[in-house]
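This report covers strand pairing and aromatic contacts in one protein model. The sequence and structure come first.

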Amino acid sequence: MLSKANTSLSTLLVTLLLVSCGADTKGAGTKGPSQLDPFWSTTAFSGARQVLDIRNNAAKDDNVVVTGRVREFVENRSVFTLTDVTLKACNDEDCENCPTPWDYCCIEPEVVASNTITIEIQDDNGRPLGEGFKGFKGLNHLQAVTVSGTVSKDDAGNVTVRASSLHWN
């Protein structure tokens, strides 16, 4: 009987120690504020341009507002890809047996790539925040998103918008 009491007491003490020492308790209770909260806008943006227009016509360091559909998320990072709204996802094209319609597997990869940009929120050191977008404020694949931010382009032709504000319904 004393052994059970000691075991229960030991378990309680270890639990209290972990909580008081700042152990990661996410998922074990309520979630605190998100690193992404300051970038969320409750107000829709006006004057948004399409992804393809940004890819083809925006210059490096241009401030833009762009709208598109979420393609893929980078896990545990404030990065996702955005496709042009004119690109039809697999579930828009009656592609049967497609478990991941957001991968646009029914379209040639070159076409998908030429209609996709990267959206990213960076910290003060120019690195993505360590929190993923998937599920933030209900965000999911193929959802329409509007982003305000600054264009970055690399020598390979990849386009990234460093987001300062985002909105979706």
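Which residue in β6 is the bridge partner of I119? The partner is V161. The model is predicted: local features need pLDDT of at least 70 and side-chain atom pairs count only at pLDDT 80 or more, while totals for chains, interfaces and linings use all residues. Residues are numbered from 1 along each chain as its sequence is written, and side-chain values use heavy atoms, with hydrogens and water left out.

**Strands**

Strands are DSSP runs of E with at least two residues, numbered from the N terminus, and two strands pair if DSSP finds at least two bridges between them. Strand β4 (residues 116-120) has four of its five residues buried, where buried means under 20% relative accessible area with a 1.4 Å probe, protein chains only. Strand β3 (residues 79-83) runs antiparallel to β4, and five bridges join them. In this pairing T83 stands opposite T116. With strand β6 (residues 159-167), β4 pairs in the parallel sense over three bridges.

**Aromatic pairs**

Rings of Phe, Tyr and Trp (its six-membered ring) pair if their centres lie within 6.5 Å; planes under 30 degrees apart count as stacked, over 60 as edge-to-face and the rest as tilted. The count comes to four aromatic pairs, among them these:

| Pair | Centre to centre | Angle between planes | Class |
|---|---|---|---|
| F73 and F80 | 6.3 Å | 50° | tilted |
| F136 and W168 | 6.0 Å | 75° | edge-to-face |

F136 lies in the loop between β4 and β5 (144-153) and W168 in the segment after β6, so their pair ties together parts that are 32 residues apart in sequence. Both F136 and W168 are buried, and F73 and F80 are buried as well.

Technical notes:
Buried < 20%, exposed > 50% of the residue type's maximum accessible area, 1.4 Å probe, protein only.
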